[in-house]
Amino acid sequence: MEKRKKIGRRVAVIIIVLLFIVGLAAVYIRVNPVWHAAELKIEQVEKKYQLAEVVPEGMTLETRFTPPEGYDRVEAEDGSFAEYLREYPLLPDGTRLPVFDGSAIDSPYCAAVFDISVGDEG
């Protein structure tokens, strides 16, 4: 019985030491990342479309896109997801699609790009 207790204690100590080492490694990796945050490059691209309902100066979905002639926009409730999306900021009209690594993709058929930041966490 005494032998089992010693083995159990050794296993517990080994597990605790391993967890401590893993925790230190996680903190080190978090504090010293290997990657570098990509810089967002906002570049213009030639558009291949012309829509009457697009207002290039609009900087939100609600101001960039107007309802087609003969239609009205439905009111969004205060605090609703519809209101949130309508008021979310957009990048300037004609912006190339930015990619996570700092490059940009030509997408001349894109009508709008959300200005979403993922921060510098990669």
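Tutor: Helices (H or I, at least four residues) and strands (E, at least two) are DSSP runs, numbered from the N terminus. The model is predicted, so local features need pLDDT of at least 70 and side-chain atom pairs pLDDT 80 or more, while totals for chains, interfaces and linings use all residues. Residues are numbered from 1 along each chain as its sequence is written, and side-chain values use heavy atoms, without hydrogens and water.

Student: In what order do the elements of the chain run from the N terminus on?

Tutor: The chain has 3 helices and 2 strands. Their order from the N terminus is α-α-α-β-β.

Student: Is Arg 64 buried or exposed?

Tutor: Arg 64 sits in helix H2. Buried means under 20% relative accessible area, exposed over 50%, and partly exposed in between (1.4 Å probe, protein chains only). The relative accessible area of Arg 64 is 1%, so Arg 64 is buried.

Student: Which residue forms a salt bridge with Arg 64?

Tutor: A salt bridge is a side-chain nitrogen of Lys or Arg within 4 Å of a carboxyl oxygen of Asp or Glu. The closest N and O atoms of the pair are 3.9 Å apart, and the partner of Arg 64 is Asp 93. Arg 64 lies in helix H2 and its partner in the loop between H3 and strand E1 (97-98), so the pair ties together parts 29 residues apart in sequence.

Student: Where is Glu 75 found?

Tutor: Glu 75 counts as exposed because its relative accessibility is 73%. Its place is the loop between helix H2 (61-64) and helix H3 (81-87).
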